[in-house]
Amino acid sequence: MARILVACEYSGVVRRAFRARGHDTWSCDLLPAEDGAEQHYQCDVSSILNNGWDLMIAHPPCTHLAVSGARWFKGKQIEQAAALEFVRRLLDAPVERIALENPISIISSRIRKPDQVIQPWQFGHGETKATCLWLKNLPKLTPTNIVEGREARVHKMPPSPDRWKERSRTYEGIAAAMAEQWS
Ligand SMILES: C[S@@+](CC[C@H](N)C(=O)[O-])C[C@H]1O[C@@H](n2cnc3c(N)ncnc32)[C@H](O)[C@@H]1O
């Protein structure tokens, strides 16, 4: 049984996928766990990176990094530098196996190119949303269920206070593939 940290996850989607396979898995976010699970640290993940994890899946915020938000970059250099520093801290964490997930972002030009770019439609969801993975000691994810739909659902969501949450929630099919292939 591995000890697994899901960094920057409020939804519990990836935590539940790994727990279903019997692993001692914990999520961590500044927000509480949406599902109320006890296996969740509500804190800055930086403070628990040294706690002896075998595997970390990290979903750091993309607000100041995503290329889709490039028109807002001007005047945000300080926030952007801090966001990149956070990504570096996660990638350099003392954990044997790491996957870090983000959309198409300036991580590629400022830190390094991703090891893989995946799409929800490769994992059973009829949607497009290019998702980059930076991997340490992990194989690339193999698509599990390629489906026909190619809708960009997240762009069509109406404005609401929780829109960012719905847009950033990990797809169940991708979480299941991670748990199946990286356990
Ligand atoms: C892009 S969202 C990822 C959501 C995730 N895919 C899920 O399904 O819950 C980024 C998350 O990182 C959290 N976060 C930001 N800074 C953090 C920190 N220093 N430590 C822990 N979580 C952090 C935010 O609260 C937010 O929920």
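Predicted model: local features only at pLDDT ≥ 70, side-chain atom pairs only at ≥ 80, totals over all residues.
Local features rest on pLDDT of at least 70 and side-chain atom pairs on pLDDT 80 or more, while totals for chains, interfaces and linings use all residues. Residues are numbered from 1 along each chain as its sequence is written, and side-chain values use heavy atoms, without hydrogens and water.

The protein holds 6 helices and 7 strands, in the order β-α-β-β-β-α-β-α-β-β-α-α-α from the N terminus. Helices (H or I, at least four residues) and strands (E, at least two) are DSSP runs, numbered from the N terminus. The radius of gyration is 16 Å, close to the 16 Å of the globule rule for 183 residues, so the protein is as compact as a globular protein of that length. This radius is taken over C-alpha atoms, and the rule is 2.2 Å times the number of residues to the power 0.38.

| Property of the protein | Value |
|---|---|
| Box of C-alpha atoms along the principal axes | roughly 45 × 40 × 30 Å |
| Buried share of the 183 residues | 45% |

Buried means under 20% relative accessible area (1.4 Å probe, protein chains only).

Strand β1 (residues 3-7) pairs with β2 in the parallel sense over 5 bridges; pairing requires at least two bridges found by DSSP between two strands. Ile4 has Thr25 in β2 as its bridge partner. Strand β2 (residues 24-29) is largely enclosed by the rest of the structure, because 5 of its 6 residues are buried.

Key: Buried < 20%, exposed > 50% of the residue type's maximum accessible area, 1.4 Å probe, protein only.
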